[in-house]
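I'm opening my notebook on a new chain today.

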Amino acid sequence: MKKNVMMRLSALLLVAVLLTTCVISGTFAKYVTTGAAGDEARVAKWGVTVTVTGDEAFGTKYDDAIEAEGTKVISANGDNVLAPGTNGTLGSVTISGAPEVRVSVAVDLTITLTGWEIRLNDTDGDDDIDEDDDAEFYCPLVISDGTTTLNGTDYDSAAAFKAAIETLVDSAAAEVAANISLARSVTLTWAWSFTGNDVKDTALGDLTTAPTIAAAWTASVTQVD
């Protein structure tokens, strides 16, 4: 009987020792190596606004701004027209924003002048001004960006006047660093004064094929690769 009691006590003591060993082994120091990483990002802001006007550079009619009422020029067939005493805005480009990326900014204006040639002399002596007579480039339009004013009568060719007008708009693409304001704006106006050369103005109006002017604007802001 006494022997059984001793055996039971020995078994219980062994179990207690094992349990204690498990608990103690979890509290002693040990080598541990760990690593962790984390990050967060948002999309870089763009926020660029490009506004281009020019669709209404010319009109089918022009109201008199001096008199109280009245229309002083109106097209007979719905075409946009020009005449002495008319004026308007040739177009404009406004760019704004400060994108968080490097960008390339480009603005371009293309002018087309067609038929601005008159003949006021009779070189062949047939009493009729015709294709054989000397042609003279004559464009009485005045173009301005608010600082520089170009008068078409100062140029001897359509190509020269076209180049001068287009030069008013800096068409060279420019790179702009991130977070830099893109505040850029250009506006061109046009006018045909009453105080021009009546004879030459009339000659333009009498041409069988009416002279024309066209303006095409483009502007873009593109992230640099």
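Helices (H or I, at least four residues) and strands (E, at least two) are DSSP runs, numbered from the N terminus.

Before going on, I noted that this is a predicted model, where local features need pLDDT of at least 70, side-chain atom pairs count only at pLDDT 80 or more, and totals for chains, interfaces and linings use all residues. Residues are numbered from 1 along each chain as its sequence is written, and side-chain values use heavy atoms, with hydrogens and water left out.

Which residues of α2 are buried? I got F161, A164 and I165. Looking down the axis of α2, I saw its buried residues fall within an arc of 100°, so they line one face of the helix. (That arc is taken from the directions from the helix axis to the C-beta atoms.) Their cover includes β4, β5, β7, β8, β9 and β11, going by contact, meaning heavy atoms within 4.5 Å.

**The sheet.** I then looked up an open sheet of 5 strands, antiparallel in pairing, with the order β1-β4-β11-β8-β9. Two strands pair if DSSP finds at least two bridges between them. β1 (49-53) and β9 (149-151) are at the edges with a single partner strand each, so one side of each has no neighbour in the sheet. From one strand to the next, the twist averages 10°. Helix α2 (residues 158-167) packs on this sheet and touches β4, β8, β9 and β11, and its direction makes about 170° with that of β9. (Axes are lines fitted to C-alpha atoms, for helices over the stretch in contact, and angles run from 0 to 180 degrees between N-to-C directions.)

I zoomed in on β8 and β11, which run antiparallel and are joined by 4 bridges. V142 sits opposite A191 in β11.

**The core.** Which residues touch the most other members of the largest nonpolar core? Of its 40 residues, they are L90, W116, I143, F161, I165, L182 and L188. (Such a core is a set of buried Ala, Val, Leu, Ile, Met, Phe, Trp, Tyr and Cys residues joined through side-chain atoms within 4.5 Å.) β5 gives the most to this core, with 6 residues.

Last, I checked L182: leaving aside neighbours within four places in sequence, its contacts include V48, I95, P99 and V221.

Definitions and conventions
Buried means under 20% relative accessible area, exposed over 50%, partly exposed in between (1.4 Å probe, protein chains only).
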